[in-house]
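Open the model in your viewer and keep the selection panel handy. We will walk through it one stop at a time.

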Amino acid sequence: MFEAILLTVITASTPLVVAALGELVAERSGVLNLGVEGMMIMGAVFAFAATRYTGSPYIGILAGIAGGALFSLLFGFLTLTLVANQVATGLALTILGLGLSGQIGESFVGQPGIKLQPISIPLLSEIPFFGKVLFNQDLIFYLSVALIVGIHWFLFRSRTGLKLRAIGDNHGSAHALGIHVVRMRYLAVMFGGACAGLAGAQLSLVYTPQWVENMSAGRGWIALALVVFASWRPRRVLAGGYLFGAVTIGQLHAQAFGIGVPTQLLSALPYAATIVVLIIISHNRRTTLINTPASLGKPFVPDR
Amino acid sequence: MRIELEKRPRVSGLFSVVSPLLALALTLAFGALMFSLLGKDPMDALYSFFVEPLLEVWSLHELAIKAAPLILIAVGLSVCFRSNNWNIGAEGQFTMGAIAGSILPVMNPEWHSPMILPLMLVMGMIGGALYAGIPALLKTRFNTNEILTSLMLVYIAQLYLDWLTRGPWRDPQGYNFPQTKAFVTEAVLPEILASGRAHWAFIFAILAAIAVWFMMRFMLKGFEVSVLGQSERAGRFAGFSARRMVWFSMLLSGALAGLAGISEVSGSIGHLQPIISPGYGFTAIIVAFLGRLNPLGIIAAGLVLALTYLGGEAAQLSIGISDKVARVFQGLLLFFVLSCDTLIHYRIRLIFAGAKPEARG
Amino acid sequence: MKKLIIALAASAALLGGLATGASAQDKTKVCFIYVGSKTDGGWTQAHDIGRQELQKALGEKIETPFLESVPEGPDAERAIERMARSGCALIFTTSFGFMDATIKVAEKFPDIKFEHATGFKAAPNVATYNSRFYEGRYIQGQIAAKMSKKGLAGYIASFPIPEVVMGINAFELGAKSINPDFKLKVVWANTWFDPGKEADAAKALIDQGVDILTQHTDTTAPMQVAAERGILAFGQASDMIAAGPKTQLTAIVDTWGAYYIKRTNALLDGTWKSEQIWDGLKDGILTMAPYTNMPDDVKAMAEETEAKIKSGELHPFTGPINKQDGSAWLAAGEKPEDGVLLGMNFYVEGVDDKLPQ
């Protein structure tokens, strides 16, 4: 039973982790995009539509990524080119995404979806317990793990990553050093959109292979919270995402087990737990300050 | 082709006025295109969106009802945002204000006294302020990021309300349905005029906006808000405390959100129920920025946003536009307003490939 | 700047050219207000299908405008008032949360008729209507008891309101009429509509050993999970067979159309009056989806029970019935008043859950 619960937790946590990782990169470059929910739902509807028309969930994944990335360009154009306020633009992006996806997906409601099948990795998947849980998963799960490793390497080991962080910390000096601030930020925002789109694809292809309006049901907001929770460190996104997933699933099991606690209290647990962990992490002032992108949310216009 | 921005030496007075009109024009043009693509008469659609809700007195009342909580919350948030405190949990403070303000009418359903309403409003403000005090405390004491804590607290407040209205506060005569007893007449916020439903919340909203505008414009506290918001270091040199500002702005915005919450419950709903807000606390963030964080601008922004909700309904009914299209249209309007505001601070230049200046940006 | 002026001129022309559109109509307007999206695949979609059937049946005589995704609370009151003012003659408000708003608007417009779904407040121009979903739940319980190898089913519930509690009890009573030791596990998802969470709840129940799943939430996600895990399940609100061709045993299908046609005809005839209607299987307000994925004898039993409920021979809540703690509720042969059912806030014996209070 433990194995089955773990599998459920992984499915519930993967979209949170993936979307949060994308947002993390965007925020490291100094851009706060509150439109994750909107990009995620666009990814979900694009992925579902493409899978339906082509029959291949892999094309669906690509479409989800493309949908999220394209949609994020709208945000990029407003906040980076026209330096509109990021908080307001992000919220507007969510409103637009929820409406647009509902309109696009209207004819897909009630249509059976195609589930992305797991890929079992030879040999590794035969390891008792861990094999089934970790090496017999779908592509998006593997991608989420690769993303964590990749983003960690990129941010802390690569030259471009260093530039990205420099922009996030102080775009003025980064610009003076000759780094293309706006171009890098566009790429970071699109990466964030692509990841949110991938997370959306996970929703409509793996988690619940179907399309219904508003199916992201607030998961984009949780992803946003996770980034801050992780104090902008990729590996902590993983920990946070799985903690959140585990508490959510755990409360359902507690109920099925017949533990008579008010359900609202159980539902509130993940949020309360996030706050508590956050307090513990941020108590150490120094580490938080080191990791927080100082230019986060601030507009940048190169002076000429 | 590239787009380049050039900072204007000072804020353009002309474009402060023209930019919203330009945004409106663009929205109308785009909207007309979108509606005709959907096979609807664009004139009819735009008419029912922007004009129909303004033609009847009852509908103007409804506009005030819808705008009141948005304005009240956004005015408080503008002080937060200007001082660099990112309170995005107004929805939770709204909920807690509604709960705290409802204690009296729910626990003492037989208490008929003219005192009850003022007490409810004060308790609502205290409830909202205390709830906003949590992220303030965590930020000042543990340096915890307020974006996250205030957002998490929204969910907790909503679940708490859910539990109250399904559990201990449920009306015993209500067939077990999740709502409290209806408030007694003395506990209901009165209507302003006899001609419609608009109640005192709208007056509160206008008063709050004017008061905060006055503070920001003419009082030292307003100066303190702006200085600390632009640079904490500069603020320190001026002898201002960023820590105290966290408390001030959070408590103020929490109190206003709480006031909005209890006013909504008392004036518009008449009892407490599991869901009391269609996301006012989040929409108010947009309102705050649409109003350029200026309390008087926020009044206009709140009314415009409220109009798009009412217009969306009118368009659904009269020409059968789906609510999704209405939301897309709302999103478009927001995007155009936000992008046109760029013109106030910047000149926009289109640079064509041939005429490339020194390549730096 | 030139462009700007052109744009402004265009928009001025646009505003100037707007005509007041409303043309005179003699069609009767029958209006609907929905809490969700009309394509939510569940509750609201069922009402919208009913509306479409109504439109089809009465064709040229009526118009059926609707408002979707209206939040419960002050927005509902405004939306209903807008309908009343737009000339609707009959307004169906299709969510419990619209109750007070319906009553308030109805007071202002005594000449307009209102019908509120699932509520309990009526007025001279406000009728209420509801469906005896529990009749279908009882049949499902019987099927579950026949088909479950473990004698244990899982129930994904939304919110602990009487409607839902009544359904859980009816299911358990149906099951116990076949297998007296049948147990029912309940998980409260605290949502009507969140495919992810519903799927998680389904997985949790399956992992705890249930081999039949039923739901009182709106999406097909639990059905999909059941199909994947190879257990059987019941659909809710609409026929969910597409999501589980080898999984769905039957589904309670909300078929409001018959009711909407009946009431609109009454309005057109001038015979409409305020009633508190609680229709059941016999009136066609709910229907059982085809009995599938079960042996013929189980199917025959289900059909027989359905017929008995329709004829009035069988009332699912017939004593002796004990409450969850074992205390007596109904004596042998006793049937509860409708009011008692509509306010139900306790479990019957055999439900393995503590009712959230």
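Before the first selection, a word on strands: two of them pair if DSSP finds at least two bridges between them. Helices (H or I, at least four residues) and strands (E, at least two) are themselves DSSP runs, numbered from the N terminus. The model is predicted, with local features needing pLDDT of at least 70 and side-chain atom pairs counting only at pLDDT 80 or more, while totals for chains, interfaces and linings use all residues. Residues are numbered from 1 along each chain as its sequence is written, and chains are lettered from A and ligands numbered from 1 in the order in which they are written.

**Stop 1: strands of chain C**

Select residues 28–33 of chain C, which form β1(C). Over two bridges, β1(C) pairs in the parallel sense with β3(C), residues 66–67. Here Ile33(C) stands opposite Leu67(C).

Thr28(C) has Ile62(C) as its bridge partner in β2(C). To get from β1(C) to β2(C), follow the chain through helix α2(C), residues 43–58; this β-α-β crossover is right-handed (with the strands pointing away from the viewer, the path from the first strand over the helix to the second runs clockwise).

Next, show residues 88–93: this is β4(C), parallel to β1(C) and joined to it by five bridges. Which residue of β4(C) is the bridge partner of Lys29(C)? Click on Cys88(C) to see it.

**Stop 2: where chain C meets chain B**

Colour the contact between these chains: 36 residues of chain C meet 35 residues of chain B. Two residues are in contact if their C-beta atoms, placed from the backbone, lie within 7 Å. On the chain C side, α1 (2–16) and α3 (74–85) each supply at least two residues. The most come from α3(C), with seven. By residue class, this side of chain C holds 20 nonpolar, nine polar and seven charged residues. Nonpolar covers Ala, Val, Leu, Ile, Met, Phe, Trp, Tyr, Cys and Pro; charged covers Asp, Glu, Lys and Arg; the others, Gly among them, are polar.

**Stop 3: chain B and its contact with chain A**

Then bring chain A back: the contact takes 38 residues from chain B and 39 residues from chain A. Elements giving two or more residues to the chain B side include α5 (116–142) and α13 (323–340) of chain B. That side divides into 22 nonpolar, ten polar and six charged residues.

**Stop 4: chain A and Gly113(A)**

Switch to chain A, with its 13 helices and two strands. Of its 304 residues, 59% are buried.

Zoom in on Gly113(A), in the loop between α4 (86–104) and β1 (119–120) of chain A. Is Gly113(A) buried or exposed? Gly113(A) counts as buried because it has 22 C-beta neighbours inside 10 Å; the cut-off for buried is 20 or more other C-beta atoms within 10 Å, for exposed 12 or fewer, with partly exposed in between, and C-beta atoms are placed from the backbone. Leaving out residues up to four places away in sequence, Gly113(A) touches Phe48(A), Thr51(A), Ser204(A), Leu205(A), Pro209(A), Gln210(A) and Trp211(A).
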